[in-house]
Amino acid sequence: MDELRCLARQHTFAGYTKIEPKDAKSAAPVATRHHAIDWNYHPKFPRARPNRWRIELKDDGTSFKEFSVALDSQQQAVYMERWALYPNGKG
């Protein structure tokens with residue numbers, strides 16, 4: 001039962017991402033993730049559209065911030081995540 005509980009807590013998705021470079025309309029590159037496997041998928045509530053976010057890369061390339069394209073009522077990103085390499089990571 002402990003193994004099943006651990007497995008149930010996993011956050012898993014897979015797919016592919018298309019990155020659009022920054023241009024006159026966007027101050028940062030925008031990524032679109034198309035999910036092939038989605039841990040949060042339910043057939044009665046399918047994902048209405050691919051996940052999209054703006055990318056802010058740290059100058060040294062060791063991390064980046066992901067800001068949702070979707071905005072709240074205050075015009076702030078609905079979510080933000082920071083991704084970083086582990087020490088000695090190879091990406």
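The model is a predicted one. The protein has one helix and five strands. Read from the N terminus, the elements run α-β-β-β-β-β. Of the 91 residues of the protein, 15% count as buried.

Five strands build an open sheet, and their order is 1-2-3-4-5. The pairing is antiparallel. Strands of a sheet pair through backbone hydrogen bonds, in either the parallel or the antiparallel sense. The edges are strand 1 (13-20) and strand 5, and each of them pairs on one side only. On average, neighbouring strands of this sheet are turned by 30° against each other, with direction ignored.

Now follow the pairs across the sheet. Strand 1 meets strand 2 (residues 30-38) in the antiparallel sense, over eight bridges. Thr17 marks one place in this pairing: its bridge partner in strand 2 is Arg33. Strand 1 has eight residues, and the number buried is zero. That is why strand 1 lies largely in the open.

Move on to strand 3 (residues 51-57). Strand 3 runs antiparallel to strand 4, and five bridges join the two. Leu57 has its bridge partner, Phe64, in strand 4. Strand 3 and strand 4 form a hairpin, with five residues between them. In the turn sits Gly61, whose phi is positive at about 75°.

The last pair is strand 4 with strand 5. These two strands also pair in the antiparallel sense, over five bridges. Here Phe67 has Met80 of strand 5 as its bridge partner.

How exposed or buried is Trp53 in strand 3? Trp53 has a relative accessible area of 5%. Buried means under 20%, so Trp53 falls in that class. Trp53 and Tyr79 are 26 residues apart in sequence. In space, their C-alpha atoms are 9.2 Å apart.

Turn next to charge. Side chains of opposite charge can pair when their charged atoms come close. How many salt bridges does the model hold? The count comes to two. One of them joins Arg52 and Glu20, with the closest N and O atoms 4.0 Å apart. Arg52 lies in strand 3 and Glu20 in strand 1, so this pair ties together parts that are 32 residues apart in sequence. Arg52 is partly exposed, at a relative accessible area of 35%. Glu20 is partly exposed too, at 32%.

The side chains of Arg54 and Glu56 meet in a salt bridge as well, at 3.8 Å from N to O. Arg54 has 27% relative accessibility and counts as partly exposed. Glu56 is likewise partly exposed, with a relative accessible area of 38%.

Arg52 turns up again at the largest pocket. The volume of this pocket is about 230 Å³. Eleven residues line the largest pocket, and the closest to its centre are Arg49, Pro50, Asn51, Arg52 and Ala70. What classes make up the lining of the largest pocket? Six residues are nonpolar, two are polar and three are charged.

Where is Gln75 found? Gln75 is in the loop between strand 4 (63-68) and strand 5 (80-84). Most residues other than glycine have a negative phi. Gln75 goes against this, with a positive phi near 65°. Is Gln75 buried or exposed? Its relative accessibility is 55%. Exposed means over 50%, so Gln75 counts as exposed.

How values were computed
Residues numbered from 1 in each chain as written. Predicted model: local features only at pLDDT ≥ 70, side-chain atom pairs only at ≥ 80, totals over all residues. Heavy atoms only, no water. Helix = DSSP H or I, 4+ residues; strand = E, 2+ residues; numbered from the N terminus. Buried < 20%, exposed > 50% of the residue type's maximum accessible area, 1.4 Å probe, protein only. 1 Å grid on protein atoms, 1.4 Å probe; cavity = no way out; pocket = protein on both sides within 12 Å on 5 of 7 lines; lining within 4 Å. Points joined across faces, edges and corners; volume = space filled by probe spheres on them. Nonpolar A, V, L, I, M, F, W, Y, C, P; charged D, E, K, R; others polar. Pairing = 2+ DSSP bridges. Axes fitted to C-alpha atoms, helices over the stretch in contact; angles between N-to-C directions.
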